[in-house]
Amino acid sequence: MKSKSDRFATSWGIPLLIATMLASFIPVPAQVHAEQNETQNQSSTSVTRTVTIDTNNVIQDDFFGVGVNTIPTALMPGQMQYGYTEAHWEIDKKRIQTIQPKVARVWFQIDWMEPSKGTYTWDSTKMKAFYKYLDAFKAAGTEIELNFGWKVGSTVHDWFSIPGIDPWTSAPADLDAYAVSASALLEELIQNRGYDNVKYLTFYNEPNGSWDFEAPGDQKAYYAEMVNKVSSRLTADGLRDLVEIWGPEETGAPAWIEYMKQHADDAIDGYSFHVYGESYEGLGNAFSLRKGYVGNKPLHLTEFGWADDQASNWDAGYANSVIQTPIWV
């Protein structure tokens, strides 16, 4: 994820203390063993080494930094009944302040703000809980990628979901109304409440899967139409310049990025994707393939990791993704 890397004017070194350790696995008499230990202790040395890092050699000057994904529901009704308290929230806020992520991808459900079509409740209990996360991230200097649309709460199934589609994972039935809702939310957050760290807007999570954004027919085409409509609505409302639109948040489906490039490129400022279980080399290949589609547009890796506990190794781990990503951004 992204925010220009700071550069240092000079190189700097890190001193390392390396202790030489010797061991013998051959059985010896106690007296001889003691004499050997004494000799080894006398001959062992601690040597100071210096590793020099040339900070003028920048691998990638367009790397935002490391970010986080956040589902901001811990303080909402239905969550705190399981034991999460304000004291726990204070600990989580401290963690946010300590980590200071560059970007937070914050997931959002439309039922938190719109109990009935076209009616907004900016001071609902769930919205107040959501604002606490925005407050914490703003204090930490973190930019927000607002992931507008995730699961569909039961209270809005009657008007939001597409008839005949699983109402919990349905794409919006009315894309024009959805675009108006997105515009209303951004106006409330950025202009009315001062969350000017909301910099990026995206939609749903991994729409190529079967767990979000379900729609009949060509789902890629429906997603592209949605993005285009939201972008046009924001332009009409004078809000488009306040955010970048990212998409499509696909996982293992580069054809989605290829399709969006062909059918929604004017509305997309940066392309986004997820990777799980890729090797160090495989992650580079994933970037290379998608960069071939997006051309000069930015490419953002907004989720990464491994698919199961046993895959957490050198070939597929968090550290390797962090190392490899700046090379390919």
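Predicted model: local features only at pLDDT ≥ 70, side-chain atom pairs only at ≥ 80, totals over all residues.
Local features were considered at pLDDT of at least 70 and side-chain atom pairs at pLDDT 80 or more, whereas totals for chains, interfaces and linings use all residues. Residues are numbered from 1 along each chain as its sequence is written, and side-chain values rest on heavy atoms, with hydrogens and water left out.

The secondary structure of the protein chain comprises nine helices and nine strands; these are DSSP runs numbered from the N terminus, with helices (H or I) of at least four residues and strands (E) of at least two. Of the 329 residues in the chain, 44% are buried, where buried denotes under 20% relative accessible area, exposed over 50% and partly exposed in between, for a 1.4 Å probe and protein chains only. Contacts (heavy atoms within 4.5 Å) between residues at least 6 apart in sequence join residues at least 24 apart in 78% of cases.

Two helix pairs were examined. Two packed helices are described by the angle between their axes and the distance between the axes. Axes are lines fitted to C-alpha atoms, for helices over the stretch in contact, and angles between N-to-C directions run from 0 to 180 degrees. Angles under 35 degrees are classed as roughly parallel, over 145 as roughly antiparallel, 65 to 115 as roughly perpendicular, and the rest as oblique.

The axes of helix H2 (residues 86–99) and helix H3 (residues 125–139) come within 9 Å and cross at roughly 30°; H2 and H3 are therefore roughly parallel to each other. Their crossing is right-handed, a term for a near helix turned clockwise from the far one by less than a right angle, left-handed being the anticlockwise case. H2 contributes Glu86, Trp89, Lys93, Ile96 and Gln97 to the contact, and H3 contributes Lys132, Tyr133, Ala136, Phe137 and Ala139. By class, the residues of this contact are six nonpolar, one polar and three charged. In this scheme Ala, Val, Leu, Ile, Met, Phe, Trp, Tyr, Cys and Pro are nonpolar, Asp, Glu, Lys and Arg are charged, and the others, Gly among them, are polar.

Helix H6 (residues 219–236) packs on helix H7 (residues 254–263) at an angle of about 50°, with the axes 10 Å apart. This angle makes H6 oblique to H7, and the crossing of H6 and H7 is right-handed. On the H6 side the contact is made by Gln219, Lys220, Ala221, Tyr223, Ala224 and Asn228, and on the H7 side by Ala255, Trp256, Tyr259, Met260 and His263. Seven nonpolar, three polar and one charged residues make up the contact of H6 with H7. The buried residues of H7 are Pro254, Trp256, Ile257, Tyr259 and Met260. The elements covering these buried residues include H6, E7, strand E8 (270–276), H8 and E9.

Lys297 is located in the loop between helix H8 (280–294) and strand E9 (299–305), and its relative accessibility of 23% places it in the partly exposed class. Apart from neighbours within four places in sequence, Lys297 contacts Lys261, Asp265, Ile268, Asp269 and Tyr271. The C-alpha atoms of Lys297 and Asp265 are separated by 9.1 Å, although the two residues are 32 apart along the chain. A polar atom of the Lys297 side chain lies 2.8 Å from the backbone oxygen of Asp265, and a polar atom of that side chain lies 2.7 Å from the backbone oxygen of Ile268.

Gly194 occupies the loop between helix H5 (175–192) and strand E6 (198–202) and is partly exposed, at 26% relative accessible area. Residues up to four places away in sequence being excluded, Gly194 touches Lys138 and Leu189. Lys138 is 56 residues from Gly194 along the chain, with a C-alpha separation of 10.0 Å.

Backbone geometry was also examined. Most residues other than glycine have a negative phi, and most peptide bonds are trans. In strand E7 (residues 244–251), which contains Pro248, the peptide bond from Gly247 to Pro248 is cis, with omega near 5°. Glu249, also in strand E7, has a positive phi, near 60°, and is buried, with a relative accessible area of 0%. Gln100 likewise has a positive phi, near 45°. Gln100 lies in the loop between H2 and strand E4 (103–108) and is partly exposed, with a relative accessible area of 44%.

Definitions and conventions. Polar contact = N/O pair within 3.5 Å; in protein donor to acceptor, adjacent residues only side chain to side chain.
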